[in-house]
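Dear colleague,

Here is the structure for your files, with notes on what was found in it below. Please read them with the model open.

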Amino acid sequence: MSKIMALDIETANFSHEIGGWGNTHLFEPTVVATWDGEEAHVFSKADDVIVADAHMHPLHPRELGEHLKKHVDEGGIVVGHNIRGFDLPVLRDALDMHYAGVLLNKNESMVDTSWSLRSACGKSHHLDSLCKHTLGKGKEIMDSADAPVAWREGRYAEVIKYCIADCKLNHDLFLHGRNEGFLKGRNEETGLIEEYHIGW
């Protein structure tokens, strides 16, 4: 088992529909995916949907919490892009997942690629931009803003595949930053591609 597990979630609603990002308890989680470089695990409200090459589970807070806890207890770390600001608070508050709150306080067991990059360069960067300029590949299935709409339309498998793909991108981005010591992204103010040195 890899020591690095990327995590990503999707919801059925938008922040503007529930009064803002701060109302994490009002989001409706639909899919949670993890990827450790070898295996994808998916916890989904559409638990009758099968996606090839993924271990499918119902979206249950205890089962998901045990999955993450096992990884951390075995010395692994959980990685995500804005998991400190979105994914884990939503799981804690909207899914009543106790271990999400525990993980938020385990700084040694979690890396938020968005937050750590913002600390290093003072700017926020979208995962897609970082991956395109650092890894030469970005999001292909859909954009994050498309996922709630796709879920409402019943395109469950597509949303699940998108969630897994985001995990894989974030996993590869983290490994690049840890192994090479830098990431690349576009400065939205100047339009220039910049190199950001990070210490993962």
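Cys163 is buried, at a relative accessible area of 0%; buried means under 20% relative accessible area, exposed over 50%, and partly exposed in between (1.4 Å probe, protein chains only). This is a predicted model, in which local features need pLDDT of at least 70 and side-chain atom pairs count only at pLDDT 80 or more, while totals for chains, interfaces and linings use all residues. Residues are numbered from 1 along each chain as its sequence is written, and side-chain values use heavy atoms, with hydrogens and water left out.

A search of the whole structure for disulfides (a pair of cysteine sulfur atoms within 2.5 Å) finds zero. Cys163 is in none; the nearest cysteine sulfur belongs to Cys167 and is 5.2 Å away. From the side of Cys167, the closest cysteine sulfur is that of Cys163, and 5.2 Å is too far for a bond. Cys167 is also buried, with a relative accessible area of 0%.

Next, helix α4. Helices (H or I, at least four residues) and strands (E, at least two) are DSSP runs, numbered from the N terminus. Helix α4 covers residues 113-121, and its buried residues are Thr113, Ser114, Leu117 and Cys121. Seen down the axis of α4, these fall within an arc of 95 degrees, so they line one face of the helix; the arc is that of the directions from the helix axis to the C-beta atoms. An α-helix has 3.6 residues a turn, so residues three or four places apart point the same way.

What covers that face? The elements over the buried residues of α4 include β5 (77-80), β6 (110-112), α5 (127-135), α7 (156-180), β7 (182-186) and β8 (193-197). Contact here means heavy atoms within 4.5 Å. Ser114, in helix α4, is buried with a relative accessible area of 8%. Leaving aside residues up to four places away in sequence, Ser114 touches Gly80, His81 and Asn82.

At the N-terminal end, α4 is capped by Asp112, with a side-chain oxygen 3.0 Å from the backbone nitrogen of Ser114. Just after α4, Gly122 has a positive phi of about 80 degrees.

Last, the salt bridges. With a salt bridge taken as a side-chain nitrogen of Lys or Arg within 4 Å of a carboxyl oxygen of Asp or Glu, the count is 11. Among them are these:

- Lys123 and Glu194 meet at 3.8 Å, N to O. Lys123 is in the loop between α4 and α5 and Glu194 in strand β8, so the pair ties together parts 71 residues apart in sequence. Lys123 is partly exposed at 26% relative accessibility, and Glu194 is partly exposed at 23%.
- Glu28 pairs with Lys45, the closest N and O atoms being 2.9 Å apart. Glu28 lies in the loop between β1 (4-11) and β2 (29-35) and Lys45 in the loop between β3 (40-44) and β4 (54-58), so this pair links parts that are 17 residues apart in sequence. Glu28 is partly exposed, at 33%, as is Lys45, at 46%.
- Asp93 and Arg92 meet through their side chains at 2.7 Å, N to O. Asp93 is partly exposed with a relative accessible area of 25%, and Arg92 is partly exposed at 35%.
- Glu153, Arg155 and Glu158 are linked in a network of salt bridges.

Regards

Definitions and conventions
A polar contact is a pair of N or O atoms within 3.5 Å; within protein, one must be able to donate a hydrogen and the other to accept it, and residues adjacent in sequence count only if both atoms are side-chain atoms.
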